[in-house]
Amino acid sequence: MKTFCGRANPTTGSMEWLEEGEDYDYHQEIARSRYADMLHDKDRNVKYYQGIRAAVSRVKERGEKAIVLDIGTGTGLLSMMAASAGADFCYAIEVFKPMANAAVKIVEKNGFSDRIKVINKHSTEVTVGPDGDMQCRANILVTELFDTELIGEGALPTYEHAHKYLVQEGCEAVPHRATVYVQLVESRRMWSWKKLFPLHVEAEDGEKILVPPSEMENCPGVPSVCDIQLNQMPSSDFSTLSDVVTMFSVDFSKPVQSASTYYRVQLESVKSGKAQIVLSWWDIDMDPSGMINCTMAPYWVKPTSALQWRDHWMQCVYFLPREEPVLQGEKLYLTACRDEYSVWYSLQKAREGENKADEEEHKADVCVESPVCRCRAHLLWNRPRFGELNDQSRTRQYIKSLRKVLKTDSVCLCISDGSLLPVLAHYLGAKQVQCMQPSSMDLYYPHELWQTFFKANNLEDKIKIIEARPELLKPSHLEDKKISVLVGEPFFTTSLLPWHNLYFWYARTAVSPHLASNVTVLPQSASLHMMIVEFQDLWRIRSPCGICEGFDVQTMDDMIKDSLNFRESREAEPHPLWEYPCKSLSDPQEVLTFDFTKTVPEHCLSTEGSVKLLRKGKSHGAVLWMEYHLAADISVSTGLMQLSDEKGSCEWNPHCKQAVYFFSSVIESEILSDPTAVTYAINFDTKTGEIAMDFKL
Ligand code: SAH
């Protein structure tokens, strides 16, 4: 079987569909999966084990045989826990074939083959009866089918089906119950991920304010969940307007309904402010009494308890459809609507002297429809991109450098996706401004959005959108003029890794015939930077587990290692490092530069060298990012913003993902008079636009 995988080509900025072998997909799935992270989640594992033991005991005390159904067994871990706890038989269901095969091996290696039957099926395909997959219905239901939003991986329909067809009435369930919590907050930082703020520009002829069109102001945004490591959000970046309240719970031991519904709670604001965001997380009780509880609550909720780091379950940020001013002590209703797989929120104010009948009436204005972007901006810009466009200090750098290079007779072409640079260039006095948005053209053409955007700002005839790719640019597109200033952020929607935005260089090369001989290119150059780091936690996602709660899961470790080494090319992966703290062990180092004043060379750009490890710590990997040199003395970094103090703590650009290359083995460096060095070889292949790297520790 062949699969087609979509991948952006960094030399053309377009999506290409490559034919891959059968193995490709599953190696990707395994290598990038969260299985390792789950196996390292001690808190989760310990509590599941406790809950399973308690459930098996309760069934045994009733004098029944303990028959377990484990839906989504993965490595087989929860079934092995049940078997060790004395369960008579376990049906371990796993839909993903490579995992089901791994589960068979792991179960065998741990000596449970006689009591655990692995079934490679989706749970809804499982049959019960003398000739079925299961001999009889189970009386213990164990699952771990939750994502950060709780229900996003289909837990509700799976439970609904299991209660109808696979388990006995009155069965024990581990977990027994899940509860979703919410807290209303105001946060300029998080709100800037959903909305475009007015942009102020000091122009020659006075201050200009770029405003979003009203369609954008009132747009509910996109339905996809915004899940983040909320524990990395400093308390100075938001202000809580309500207490933490319980939004809804699900009892997994009873029949579950997956059909769309809504829940509503009354809140009283504890502070006056602007209600913008609903922060949410959940906990699961492994037993009916609630004594064994596993929570995703962020740091400010239970400041005394130790936080378990995990990446497979984080916290959710929901954006209210509109910002709502609230007064301290004001009564509010918060409504959570959900369908089978997702949740969304709205806020209503309680009216004076409200009674039950009015409340019924309220139900009519509850948002039953899941949010759909009407303004199209939320399709063009994802949340980090909104944040980036709203970053005033970044915008100031671009304004400062545009001011340096623009003249009144400038003919300016901007090449970047969904960029505001053309508007800035116009405000700052360029005579003629046109723009190209090469990658977003493939995905979705944002022409209409720009028309409304320009209209709202009286810019309709000021900026021209060229609907052609750079290689197809014709003199007529430019009114037969040569480009005197070529600008880019650069930013392209198809970029995954930092250097994929070097597509700007390829585009610049393609439009060369249209450039004036004295053209200014902004940025004039880019550089790739690198630093060796010790991660506080992120290392777990790539680290072998070995033994998990007494069970040998090395088969899984080997499988992940194989998939990572698939095609013998280990690759760097994108991670937003503001969410994943690390400590620098070396100085940041510039490793390659790319000169945008020239065209892309034919030959590869390579470099070799070594980095000294200056601090004590474990070298988990190298972090790489790009810096753009806009004009003389003005640069922007998509990676390290600041390296503070002697301890090597780092501040990362909060809007960008950096590239992380995990070393296959970790070395511990001591403070040495003769520091250890890591040698590297990095190669930028100008034919493919990809960077390959190799490190020796
Ligand atoms: N139980 C394991 C793994 C949990 S990950 C552990 O706790 O460590 C969830 C697994 O469930 C994934 O492997 C996924 O492929 C599988 N899965 C999800 N829904 C399923 C369903 N309805 N039927 C069978 N497998 C399912």
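Q: Quick one before we start: what do the angles between axes run from and to?
A: They run from 0 to 180 degrees, taken between N-to-C directions, and the axes themselves are lines fitted to C-alpha atoms. Keep in mind that this is a predicted model.

Q: Got it. So which strands does helix α3 lie across?
A: Helix α3, residues 42–61, lies across β6 and β7, and runs at about 145 degrees to β7.

Q: And what's the strand order in the open sheet of five strands?
A: The order is β5-β4-β3-β6-β7, with parallel pairing. β5 (116–119) and β7 (167–174) are at the edges with a single partner strand each, so one side of each has no neighbour in the sheet. On average, neighbouring strands there are turned by 25 degrees against each other, ignoring direction.

Q: How many bridges pair β3 with β6?
A: Four bridges, in the parallel sense, between β3 (residues 67–71) and β6 (residues 138–143). One example is Ile71, whose bridge partner in β6 is Thr143.

Q: Changing topic: how do the axes of α5 and α17 cross?
A: At roughly 145 degrees, coming within 9 Å; α5 covers residues 97–109 and α17 covers 554–564. On the α5 side the contact is made by Pro98, Met99, Ala102, Lys105, Ile106 and Lys109, and on the α17 side by Gln554, Thr555, Met556 and Met559. By class, that contact has six nonpolar, two polar and two charged residues.

Q: What about the open sheet of three strands, what order is that?
A: That one goes β31-β37-β38, with antiparallel pairing. Neighbouring strands here are turned by 15 degrees against each other on average, direction ignored.

Q: And how many bridges join β37 to β38?
A: Seven, with β37 spanning residues 677–685. Thr679 stands opposite Lys696 in β38.

Q: Which strands form a hairpin with four residues between them?
A: β34 and β35 do, and Asp645 in the turn has a positive phi of about 45 degrees. β34 (residues 640–644) and β35 (residues 649–652) run antiparallel, joined by four bridges. Ser644 stands opposite Ser649 in β35.

Q: Last one: which residues of α12 are buried?
A: Arg394, Thr395, Tyr398, Ile399, Ser401, Leu402 and Val405. The helix itself, residues 392–405, has 14 residues and reaches 20 Å from its first C-alpha to its last, close to the 20 Å expected.

Terms used: Residues are numbered from 1 along each chain as its sequence is written. This is a predicted model: local features need pLDDT of at least 70, side-chain atom pairs count only at pLDDT 80 or more; totals for chains, interfaces and linings use all residues. Side-chain values use heavy atoms; hydrogens and water are left out. Helices (H or I, at least four residues) and strands (E, at least two) are DSSP runs, numbered from the N terminus. The expected span of a helix is 1.5 Å times one less than its number of residues. Buried means under 20% relative accessible area, exposed over 50%, partly exposed in between (1.4 Å probe, protein chains only). Two strands pair if DSSP finds at least two bridges between them. Contact means heavy atoms within 4.5 Å. Ala, Val, Leu, Ile, Met, Phe, Trp, Tyr, Cys and Pro count as nonpolar, Asp, Glu, Lys and Arg as charged, and the others, Gly among them, as polar.
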